[in-house]
Amino acid sequence: MKYLVIGKTGQLGSALIHDLSTTSNEVLAPNKSELDITDKQSFLSAMKEFQPEIVINTAAYHNVPLCEDHPLEAFQANCLAVKDMAEITSEFDVWFVSFSTDYVFDGRKGEQYIETDVPGPLQIYGLSKLAGEFAAISYSKSIIIRTCGLYGFQGATSKGGNFIEKRIKDSKRLSLLEMSNDQTVSPTFTSDLSKAVLKLVDHKSKQPGIYHLVNQGFCTWYELTEEIFKILDISIKLIPVDRKGLTGKMRRPLFSALKNEKAANMNIDLPHWKDALKRYIRSKHLE
Ligand SMILES: NC(=O)c1ccc[n+]([C@@H]2O[C@H](COP(=O)([O-])OP(=O)(O)OC[C@H]3O[C@@H](n4cnc5c(N)ncnc54)[C@H](OP(=O)(O)O)[C@@H]3O)[C@@H](O)[C@H]2O)c1
């Protein structure tokens with residue numbers, strides 16, 4: 001198959017390109033200057049030139065506080081561009097896969113969200129991603145994958161590196177660290193996510209629509225940090241703090257862990273987050 005993967009320098013895009021390079025599939029991975037998703041003509045030209053059979057878009061405007069300050073840019077990348085790509089891929093009759101977020105939910109359920117739960121975003125990022133979901137799934141070959149708390153070998157450029165590397169850096173310069181214990185999430189290793197995405201795309205009975213794909217289980221950012229330090233045997237004072245999901249005036253969901261109900265029914269499973277974290281840290285820091 002011929003894949004067009006957008007977001008080659010990102011956490012998820014780089015993992016997908018790595019995994020696809022170990023298969024017999026052909027992969028086309030332009031960088032942002034060659035294909036900007038907010039430029040419809042640029043995407044259309046890529047479709048005409050490459051003639052892919054599957055398009056996977058990992059690009060987004062997903063720095064959450066920045067979305068609040070720049071709502072137009074957020075809606076342009078997370079909604080309008082996704083709508084344009086879904087429309088164009090549908091005209092070419094090829095599958096389109098794009099990614100959404102746990103932040104489409106308000107967190108009031110208090111337990112893991114499944115695909116059919118009713119969304120209720122609390123901030124511009126979630127709103128723009130939810131709008132993008134609706135825009136894409138009105139086309140018949142669009143798949144939206146909601147995921148959460150990503151980390152991978154290639155750090156999120158838009159956020160200045162991944163959560164784990166930032167906490168390891170903190171531990172080298174601080175003797176005490178305060179970490180938020182009010183938000184519960186499903187931390188997800190892009191290497192596990194990438195493999196699950198490719199299984200889903202390859203699955204004979206895949207249907208268009210929304211899927212959740214995260215590592216199993218859930219924890220708070222404080223509990224995740226505790227586990228990172230435990231694996232690396234780091235002993236600094238770690239203090240849980242309750243920020244009530246607030247960054248300034250911006251609200252984040254307090255419990256946005258996801259459950260992969262649809263994928264599990266297709267025998268697509270991801271390991272537990274603690275197992276994923278151990279594998280990531282071992283291969284990045286201990287080998
Ligand atoms: N990170 C998380 O914790 C998280 C959680 C839930 C959902 N998600 C979703 O998962 C997806 C992947 O996230 P990620 O963490 O892998 O992102 P990432 O590391 O920030 O990578 C984004 C990639 O998209 C590229 N890009 C950005 N704007 C673009 C544009 N206008 N046109 C073309 N390419 C563009 C970036 O290129 P440059 O490097 O050149 O800017 C980068 O290669 C996103 O849809 C995100 O919303 C992420």
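Residues are numbered from 1 along each chain as its sequence is written, and side-chain values use heavy atoms, with hydrogens and water left out. Because the model is predicted, local features need pLDDT of at least 70 and side-chain atom pairs count only at pLDDT 80 or more, while totals for chains, interfaces and linings use all residues.

Begin by selecting residues 124-137, which form helix α5; helices here are DSSP runs of H or I with at least four residues, strands are runs of E with at least two, and both are numbered from the N terminus. The end C-alpha atoms of α5 are 20 Å apart, which agrees with the 20 Å that its 14 residues should span at 1.5 Å a residue, where the expected span is 1.5 Å times one less than the number of residues.

Next, colour the buried residues of α5, among them Ile124, Tyr125 and Leu130; buried means under 20% relative accessible area, with a 1.4 Å probe and protein chains only. Ten of the 14 residues in α5 are buried, and what covers them includes α4 (71-91) and β5 (142-147).

Now select the ligand and the 27 residues around it, of which Thr9, Gln11, His62, Tyr125 and Leu150 come nearest; a residue belongs here if one of its heavy atoms lies within 4 Å of the ligand. Strand β4 gives the most to this shell, with three residues.

Finally, zoom in on threonine 9, where an N or O atom of the side chain is 2.6 Å from an oxygen atom of the ligand, and then on isoleucine 37, where a backbone N or O atom lies 2.9 Å from a nitrogen atom of the ligand.

Methods:
Buried < 20%, exposed > 50% of the residue type's maximum accessible area, 1.4 Å probe, protein only. Contact = heavy atoms within 4.5 Å. Polar contact = N/O pair within 3.5 Å; in protein donor to acceptor, adjacent residues only side chain to side chain.
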